[in-house]
Amino acid sequence: MAPVPVDDGAITLDQTIQAVKDETIQFNRDSLMAEEAFLYPPQTRLSVYVSNTLKNVLLTDFSLTLDDRQPVTYHYGDQDSRALLVDGALQRLLLTNVERGVHRLRVSYKGNYVAGDKKPIPVTGEFEATFTKDLEAAEVELQVFRGRNKSEPAMKLKEWRAAEE
């Protein structure tokens with residue numbers, strides 16, 4: 001069977017369609033960034049992330065309360081929980097606006113300690129911390145890590161600061 005000749009018009013059309021798709025993706029990305037900058041200006045923006053450095057703990061539930069607001073809760077499926085185990089992985093739990101000053105975060109979390117073929121062991125924890133919001137956008141990380149008691153997870157608050165130029 002002889003090969004079908006390539007239609008130059010079809011190739012050009014395909015390239016044009018792909019270029020439009022790429023432009024649409026870039027436009028959507030740019031418009032989302034502009035919308036976020038408008039809705040959450042740096043003077044009031046707060047982003048709260050969670051990370052998990054414990055390779056044997058799979059998070060199942062996470063609840064975050066900022067000041068006296070309604071709690072933000074997240075239930076982790078197996079895939080989401082395992083995704084947090086990748087080095088450097090973060091999940092943004094909250095993007096909101098807050099005034100300058102001192103703010104309080106209260107956290108409760110649940111998970112399972114898993115080791116090989118053994119039955120998972122439930123773990124829970126609570127954490128409370130304060131941070132100060134200034135005129136810059138604030139980004140904080142709630143990091144689950146191995147505490148002093150090596151068998152129990154602990155949590156710490158890590159504030160990110162913009163690099164000095």
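Q: Leaving aside neighbours within four places in sequence, which residues is Asp-134 in contact with?
A: Contact means heavy atoms within 4.5 Å. With neighbours within four places in sequence left aside, Asp-134 is in contact with Gln-43, Arg-100 and Arg-161. This is a predicted model, in which local features need pLDDT of at least 70 and side-chain atom pairs count only at pLDDT 80 or more, while totals for chains, interfaces and linings use all residues. Residues are numbered from 1 along each chain as its sequence is written, and side-chain values use heavy atoms, without hydrogens and water.

Q: Where does Asp-134 lie relative to the strands?
A: Helices (H or I, at least four residues) and strands (E, at least two) are DSSP runs, numbered from the N terminus. Asp-134 is in the loop between E6 and E7. The C-alpha atom of Asp-134 is separated by 18 Å from that of Phe-38, which is 96 residues away along the chain.

Q: Is Asp-134 buried, partly exposed or exposed?
A: Buried means under 20% relative accessible area, exposed over 50%, and partly exposed in between (1.4 Å probe, protein chains only). Asp-134 counts as partly exposed because its relative accessibility is 33%. Ser-31, in helix H1 (residues 8-39), is also partly exposed, with a relative accessible area of 32%. Ser-81 counts as buried, because its value is 3%. Ser-81 belongs to helix H2 (residues 78-83), and its contacts beyond four places in sequence are Leu-58, Leu-59 and Tyr-76.

Q: What is the phi of Asp-67?
A: Most residues other than glycine have a negative phi. Asp-67 has a phi near 50°, a positive value in a residue other than glycine. Asp-67 sits in the loop between E2 and strand E3 (72-75). At 22% relative accessibility, Asp-67 counts as partly exposed.

Q: How many cavities of 30 Å³ or more does the structure hold?
A: Rolling a probe the size of a water molecule over the atoms shows where empty space is left. On a 1 Å grid over the protein atoms alone, a cavity is a set of points where a 1.4 Å probe fits but cannot get out, and lining residues have an atom within 4 Å of a point. Grid points are joined across faces, edges and corners, and a volume is the space filled by probe spheres set on the points. The structure holds one cavity of 30 Å³ or more, and the largest cavity has a volume of about 40 Å³.

Q: Which residues line the largest cavity?
A: The lining consists of Phe-131, Thr-132, Ala-138, Glu-139, Val-140, Glu-159, Trp-160 and Arg-161. Arg-161 is also one of the contacts of Asp-134. At least two lining residues come from each of strand E6 (121-133), strand E7 (138-146) and strand E8 (153-160). E7 gives the most, with three residues. The lining divides into four nonpolar, one polar and three charged residues (Ala, Val, Leu, Ile, Met, Phe, Trp, Tyr, Cys and Pro count as nonpolar, Asp, Glu, Lys and Arg as charged, and the others, Gly among them, as polar).

Q: How many residues has the largest nonpolar core?
A: In soluble globular proteins, nonpolar side chains tend to be buried together. A nonpolar core is a set of buried Ala, Val, Leu, Ile, Met, Phe, Trp, Tyr and Cys residues joined through side-chain atoms within 4.5 Å. The largest one here has 26 residues, and those with the most contacts inside it are Leu-46, Phe-62, Leu-64, Val-107, Leu-142 and Met-155. Strand E1 (45-52), strand E2 (57-66), strand E4 (91-97), strand E5 (101-113), E6 and E7 each supply at least two residues of this core. E2 provides the largest share, five residues. Beyond four places in sequence, the contacts of Val-107 include Phe-62, Leu-64, Leu-142 and Met-155.

Q: In what sense do E1 and E4 pair?
A: Two strands pair if DSSP finds at least two bridges between them. E1 and E4 pair in the antiparallel sense over six bridges. One example is Ser-47, whose bridge partner in E4 is Leu-95. Five of the seven residues of E4 are buried, so E4 is largely enclosed by the rest of the structure.

Definitions and conventions
1 Å grid on protein atoms, 1.4 Å probe; cavity = no way out; pocket = protein on both sides within 12 Å on 5 of 7 lines; lining within 4 Å.
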